[in-house]
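Hello,

Here is the structure I promised to pass on to you. Have a look at it first, and then read my notes below.

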Amino acid sequence: MSAPPVGAVGREHPRLEGRDKVTGAARYAVEYPVENVTYGWAVPAAATRGRILRVDAAPALALPGVLDVLHHGNAPRLTPGVDADLFLLQEPAVHYRGQFVAVVVAETIEAAREAARLVRIDYDTEPHTTVLSEHHPGLYRPNKVNPSYPTDTEDGDFDGGFAAAEVRVDATYRTPAYHNNPMEPHATTARWRDGRLLVHDSNQGSTPVQATLAELFALPREAVRVVAEHVGGGFGSKGYAKAAVVLAALAARQVDRPVRLALTRQQLFGPIGYRAPTIQRVRLGADADGRIAAVCHDAISQTSTLTEFAEQAAVYTRSMYAGRHRRTTHRVVRLDVPTPFWMRAPGECPGAYALESAMDELATACGIDPVELRIRNDPAVDPEQGLPFTSRNLVACLRDGARRFGWADRDPTPGVRRDGRWLVGTGVAGASYPARARAAAAAATAAPDGTFEVRINATDIGTGARTALWQVAADALDVPVDRVAIRVGDSDLPAAGVAGGSMGTASWSWAVIRACEGLRDRLRQAPGGAVPADGLTVEVSTADEVRAQRPLPRYAYGAHFCEVRVDADTGEVRVPRLLGVFAAGRVVNPTTARSQLIGGMTMGMSMALHEEGLLDERYGDWVNHDLAMYHVSVCADVERIEAYWLPEEDPELNPAGVKGIGEIGIVGTAAAITNAVHHATGVRVRDLPVRLDKLLERPPTR
Amino acid sequence: MRAFRYHRPADVAEAVALLDADPEAAYLGGGTNLVDLMKLGVQRPGLLVDVTGLPLDTVEPGPDGGLRIGATVRNSDLAAHPLVRRDYPVLARALLDAASGQLRNMATTAGNLLQRTRCAYFQDTAKACNKREPGTGCAALHGQNRELAILGWSERCVATHPSDLAVALVALDAVVEVREPGGPRDVPLAELHRTPGDHPERETTLPRGALITAVRVPPLPFARRSTYLKVRDRAAFAFAVGSVAAALDLDGDVVRDVRLAYGAVAHQPWRAYRAEELLRGRPFTAELAAQAADAELAAARPLRHNGFKVPLIRNITVRALTGLAGSVRP
């Protein structure tokens, strides 16, 4: 590992708010004490596609304690054209089952919930289509894929290169809908006072939520304040304003009292977004030594009739492995479903499952060790841009992981290792995730007593971002951490982007460092170095600096290794060991970094083995919409998870030298698991998750 | 959720009288299932009669061996009881494989037996369910039915009973002590749960107002060689997709007696009488265990998504019995 840290950065530190969280002192969005508060309850549409003919609120309003029922016929008006998914309670149209079509407001949460049941809504329904298929006639080519990547890319002659290849893999992989399921649901406390809106909201970025609310309610931004001091996870689903905050604000305006509104667990399955199901065909053509000549990744996914969201599943393949002839494509179809959205590593996560599985199939086809195959196909320059990577340590991750895991001398033969009832196998996969940064503002204030306060509207969604920024600030100020206070999670603070895209710490620390540097300059210039009685503040923005960044390929890398055991009689899968090695620039806080990496790996294992939204096409929604039926991995599923990182210095990143670690842990994990399942059983599961029935009923396909 | 009244009765007689008098009343045990269903609007009692304060919370050895388990004994306490662990490992295993530690600390013995199906359609008031709302249809029959029944279902309902404990108890010939408005009565557990037939809304043979006060487990010395195998989609905190409770009594190689019951296959814990019959009196082999399972499963009618349960149940039958036989034979 690297040399011991000189300052705060690089040192282990527990979360600053850890004690508040475990003792319950930390307040979440609907936990703030508010006088005269009321409770909102969202009513989901019981139709899949059609129009509301009539809303009869009378039975609901007759219930004691019920104040109002908002619907498209009486709700305050929103600005059209801001966001079709957030244009709630404005029109009678129903675009998907579960769309929020009314809100009940009552004096108690129980009354609100009961009244929601009593709102009678008649619909004029139309036939719907909710199932993704590669044969759907509505498939089309979007103009871009999330967030703004080209839809298709082509370089060389894939068809010719593939036809001429000595070894060919042509496989189609399917992933189901995955649901983000943060512990804290989307939840908001909203109040209006003198034309100003204050919301305590659970989100991943209150600056963009503030902007969206201002647009929706036709207010100047300064008239909207969004506080998100503590957030119980989001996994991407809170990366943008969602229904809860809009409904709460509408309801609070209507009843002219504060409103608390939290979605139920069931309501999180759809209306707040989900990872789109995908169908991905990957073709790899290689020579007998496994050197890839041709690679093609065709990804299909779904979007809604409201907003186009195209999961960028094939983008991963553009820069990951070598190959002269390359092609990637994306197609989507508009279905009568909620709009899919970000979920931890959108694009890379499902895409890596497909490509890293195909790599394993190629290794088997060529008779080459899958670690060695990846090393042989490590490109010298980015195959997409033709430019050198700012740093690329995939091979180092693979080698270090193989050593730590004990990969050497692995027998590649599938389905031959048995330990009692267990079939035993091992698997590997690579991983990469872009290292990006966005502009942010930050302020640093020196007080006469020698302490400092650093302010930035970063959001700590449970990751430890607050603590990391505090460490960065202390070093940038060159003072001990105990002289520094950090404030985040309030749109009154200097504006910053979302906790998403693994660019939170990169973006925010950049602004924090510049603000602290600026403050130190000012202090040096101050007469006698004295701080005025009212303090000294410097506020900066990194907009110009970030914009001036050279467009180079910047990526974090990783390698996952795992052992799986499959019960020969029942098909049950257990993971005795999951090990990841990552190269992600500097690590600010090893304590929270390890949590992020292990959390991502766990979620990837969960994706591989358990999670699956089960759609009932007759209704058009997911029937297993709670955590008893939608299984997320538990501790007992995995005995040992280890995350390591390599020392990595990359001067082309950002002042803190970080690449972001929120998502790299989930990329590739699922493929490592399914590759190990194949090694254990000889069964290649190409449609996630690896449920036990798929191993019980299917004959081995080697 | 509906506003409800709450009452803690002084004794069993008062509890039964309250239920008898009020058609909207329901008993409240640990609340681990009922409270969820109340939030979802699936159950809407107007009065909750909390029986957890009644003196029904002890486990006592029977006069001739066996156990008498009070209705409100918590699942975690029952699983930890020395007599249960020594004499009925199948019971302890079934309890510990269920739910989570927190839930087991709350859930009661009788509440466990009377818990409702976890069929997704039953739990969603926006979907058709004859059990929840008679006459509306069964959305599960042609829906997402991977977890649901392969035995004993009807066109009206394909739900499964979710309990692990009940599967172990039915294998042990447990008897339920019931207090009805007319007085006490014993009901063999095998006769407590109904098949759905035309009336899936009627889940048990108990009359309205009946309160389970205890569960008697008869003496069964060979139950010391018993086990419960539960297969689930993740390693903990999940309902079974298939399970087997088994006890085996061998005389040399020959099966002197055997108990077998299956979980997650039917609207009731499924006692495998045909399989037991086939096993009794024959020299035990793995093949015989497989034949016995096949005999029991001959009546299986898998739904679209749960055909795998047939080989799964067969495999775990063989594993459970061969394990008990003490030797794995080819």
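**Domains of chain A**

In chain A, the C-alpha centres of domain 1 and domain 3 lie 34 Å apart. The assignment for chain A, which is automatic or from a database, gives domain 1 (38-127 + 182-264), domain 2 (153-177 + 274-435 + 552-697) and domain 3 (438-547).

Before you go further: this is a predicted model, in which local features need pLDDT of at least 70 and side-chain atom pairs count only at pLDDT 80 or more, while totals for chains, interfaces and linings use all residues. Residues are numbered from 1 along each chain as its sequence is written, chains are lettered from A and ligands numbered from 1 in the order in which they are written, and side-chain values use heavy atoms, leaving out hydrogens and water.

**Where domain 1 meets domain 3**

Contact (heavy atoms within 4.5 Å) joins 18 residues of domain 1 of chain A to 14 residues of domain 3 of chain A. The buried area, meaning the accessible area (1.4 Å probe) that two parts lose on being put together, summed over both, is about 1,200 Å² for these two domains, with 40% of it from carbon and sulfur atoms. A:Gln204, A:Thr207 and A:Arg225 supply 41% of the area that domain 1 of chain A buries against domain 3 of chain A, more than any other three residues.

A:Arg225 also pairs with A:Asp490 in a salt bridge, at 2.5 Å from N to O. The term stands for a side-chain nitrogen of Lys or Arg within 4 Å of a carboxyl oxygen of Asp or Glu. The rule finds 2 salt bridges across this interface of domain 1 and domain 3 of chain A.

**Where chain A meets chain B**

Here 33 residues from chain A and 33 residues from chain B take part in the contact. Chain A and chain B bury about 3,000 Å² between them, and 53% of that is on carbon and sulfur atoms. How many salt bridges does the rule find across the interface of chain A and chain B? There are 5. B:Arg319 forms a salt bridge with A:Asp567, with the closest N and O atoms 2.6 Å apart.

**Salt bridges elsewhere**

Over all chains, the count comes to 80 salt bridges. In one of them, the side chains of A:Arg331 and A:Asp152 meet at 3.1 Å, N to O. This pair links distant parts of the chain, 179 residues apart. A:Arg331 has a relative accessible area of 27% and is partly exposed; on this scale, buried is under 20%, exposed is over 50%, and partly exposed is in between (1.4 Å probe, protein chains only).

A:Glu372 and A:Arg376 also form a salt bridge, at 2.8 Å from N to O. They are separated by about one helical turn, because they are 4 residues apart in helix H9 (residues 370-376) of chain A. Helices (H or I, at least four residues) and strands (E, at least two) are DSSP runs, numbered from the N terminus. A:Glu372 is partly exposed at 29%, and A:Arg376 counts as partly exposed at 26%.

**A residue in chain B**

Is B:Asp249 buried or exposed? B:Asp249 counts as buried, at 17% relative accessibility. Its place is in strand E10 (residues 242-251) of chain B. Leaving aside neighbours within four places in sequence, B:Asp249 is in contact with residues including B:Phe222, B:Val254 and B:Arg256.

Best wishes
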